[in-house]
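Subject: Structure handover

Hi,

Here is the structure for you to look over. My notes follow below it.

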Amino acid sequence: MMCNEWETQLNEYVDGTLAAEARALVEAHLAGCAGCRAAVVELRALVAGAADLPKRIEPARDLWTGIAARVGKREVRNGKRWWRTALAAAATLVIGFAVYRLLPPFAAHYRPVGEGWLAVEAQYEQASDELTRALATERDRLAPATVALLERNLAAIDAALRESRDALARDPENVELRGLVASAAREKVELLRWATRVAT
Amino acid sequence: MTRHLGWLGFVLAVAARSALGQAPADHNRFEARWPFDSDGSVRIVDPAGRIRVIGWDVDSLAVSGRGPGRLAAAGTVSVRKLVVTGRAELEVHVPRGARVWVKSASADIDVVGVDGTLDLNSVAGAIHVVGTPADVTAETMDGPVELAGGSGRARVKTVSGAILLRGASVDLGASTLSGTIVVRAAGWQRGGTGVQRGKFESVTGDVRFDGELGRGGIVELESQSGAIALRVPAATVADFDLVTIAGSITNRLTAATAERGVLRFSTGAEGAGAQVTARSFKGNISLDAK
């Protein structure tokens with residue numbers, strides 16, 4: 001029987017979405033756990049079974065004719081997907097670290113990071129750019145509506161970031177402003193991370 | 001008579017053609033049932049359509065549904081995975097204490113009466129949870145999220161979808177980029193504990209907290225440009241710490257007034273009640289009595 005505490009990791013392992021380190025941990029556990037090995041075999045069979053199912057179920061021809069005329073054929077790419085996922089995961093880790101340093105703790109009162117602020121912001125910018133580039137390569141995997149939503153919200157958050165950064169430039173010691181900039185930065189990272197995850 | 005028969009034939013022909021044309025959409029029907037642990041884990045993947053998960057007092061897992069998509073299932077008495085390829089409407093009955101994980105692209109997700117852990121993820125679908133799950137994580141990019149009933153811990157995240165949290169929850173967290181957040185928290189005055197820990201963040205959307213604060217609870221509200229509205233019982237004992245950079249602060253709970261975008265005061269002895277923090281860049285902050 002599968003160990004309950006390993007359930008999520010085993011599913012992610014079979015789905016191929018684990019980072020290398022986590023994958024190694026799972027493999028080490030599998031080496032000594034027959035129940036989880038059996039579960040992995042079963043999960044792989046399930047995934048293979050699902051993959052063998054028809055990718056598309058054709059609707060009635062008279063219905064499809066009308067839709068096909070309006071919708072362009074969408075290219076489906078599967079090759080080299082793993083490295084894009086790995087790139088996204090790596091970028092997420094870098095950004096996560098940067099934002100971790102940016103963020104105040106949950107408690108209402110916190111101390112500013114002082115002179116480290118600019119360095120951390122630069123680090124965040126670099127990591128954000130990397131994730132944005134990674135996302136750009138996967139952009140055509142997203143539905144047009146999702147791309148539109150993403151762009152609209154990225155524009156909104158960039159505008160919010162600009163406003164609060166401008167205000168911070170005028171009042172650089174304002175702890176509350178730093179907190180707000182940090183929150184907006186985190187929201188942007190979360191949005192990019194989410195979009196990358198959806199795309200890959 | 002011949003004329004009537006002609007019309008009848010025409011109507012039947014149209015009905016038959018219509019029925020045949022619709023048939024493929026509902027062609028696949030699923031129905032299966034497996035014995036299942038009362039705290040077992042079920043993982044559901046259904047890209048499009050609708051997923052309804054219902055908790056029941058039976059130690060088995062049952063799935064029924066229909067759609068043009070296909071359903072594959074595998075697992076044991078403690079873990080089961082249901083994967084739909086394509087589009088389907090699924091109804092899944094799980095033991096009340098089950099752990100439920102759902103992933104969809106555009107499918108709406110409804111969960112009713114599950115007391116275990118919920119992890120619900122959609123890109124564009126709506127998420128509705130009714131009941132008292134121990135732990136909820138709900139993420140959707142574009143759809144709305146509504147949790148009703150209360151939970152031990154809830155984390156909700158959307159990009160543009162509206163978030164509505166109703167009921168007696170202890171630990172709540174919600175964040176959205178452009179959606180709104182509305183919290184209607186029932187608390188100790190109605191038998192619960194009140195919100196012990198709450199963090200609600202938005203970039204451009206409004207944030208509204210309407211309800212009871214837990215004794216000693218910590219509630220944080222934050223928005224860049226959305227309005228923040230707080231409504232609490234007049235007898236609430238709490239330390240309030242409200243700051244806006246470019247917005248305004250309106251206090252109708254007490255006589256205290258804001259100065260230069262800052263309002264800090266306590267109702268009762270400082271540190272004796274809840275702690276409420278609100279931060280905005282240019283959104284207005286208002287504080288009212290219920």
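Which element supplies the largest share of the lining of the second largest pocket? It is E16(B), with 5 residues. Before the rest, please keep in mind that this is a predicted model.

The pocket

The second largest pocket holds about 410 Å³ of space. Its lining is made up of 19 residues. Nearest its centre lie Arg186(A), Arg155(B), Lys157(B), Ser175(B) and Glu201(B). Chain A contributes helix H8 (175-199) to the lining. Chain B contributes strand E12 (135-140), strand E14 (153-158), strand E16 (171-176) and strand E18 (195-202). Each of these elements supplies at least two residues.

The cores

The largest nonpolar core has 61 residues. Within that core, Phe200(B) and Phe209(B) touch the most other members. Its largest share, 4 residues, comes from strand E7 (residues 87-95) of chain B.

What does Phe200(B) contact, leaving aside its neighbours within four places in sequence? The list includes Leu165(B), Leu172(B), Ala174(B), Ile181(B) and Val183(B). Val207(B), Phe209(B), Val219(B) and Leu221(B) are also on it. So are two glutamates, Glu220(B) and Glu222(B).

The aromatic pairs

One joins Phe200(B) and Phe209(B). Their ring centres are 6.1 Å apart. Their planes stand at 40 degrees, so this pair is tilted. Phe200(B) has 0% relative accessibility, so it counts as buried. Phe209(B) is buried too, with a relative accessible area of 0%.

The other pair is Phe240(B) with Phe265(B). Here the ring centres are 5.1 Å apart. Why does this pair count as stacked? Because its planes are at 20 degrees, and stacked requires under 30 degrees. Phe240(B) sits in strand E22 (residues 238-244) of chain B. Phe265(B) sits in strand E24 (residues 262-267) of chain B. The pair therefore ties together parts that are 25 residues apart in sequence. Both Phe240(B) and Phe265(B) are buried.

A charge over a ring

One last item for your viewer. The charged end of Arg43(B) sits over the ring of Trp101(B). Its distance from the ring centre is 3.9 Å.

Best wishes

Terms used
Residues numbered from 1 in each chain as written. Chains lettered and ligands numbered in written order. Predicted model: local features only at pLDDT ≥ 70, side-chain atom pairs only at ≥ 80, totals over all residues. Heavy atoms only, no water. Core = buried A, V, L, I, M, F, W, Y, C linked by side-chain atoms within 4.5 Å. Buried < 20%, exposed > 50% of the residue type's maximum accessible area, 1.4 Å probe, protein only. Contact = heavy atoms within 4.5 Å. Phe/Tyr/Trp six-rings, centres within 6.5 Å; stacked < 30°, edge-to-face > 60°. Lys NZ or Arg CZ within 6 Å of the ring centre and 35° of its normal. 1 Å grid on protein atoms, 1.4 Å probe; cavity = no way out; pocket = protein on both sides within 12 Å on 5 of 7 lines; lining within 4 Å. Points joined across faces, edges and corners; volume = space filled by probe spheres on them.
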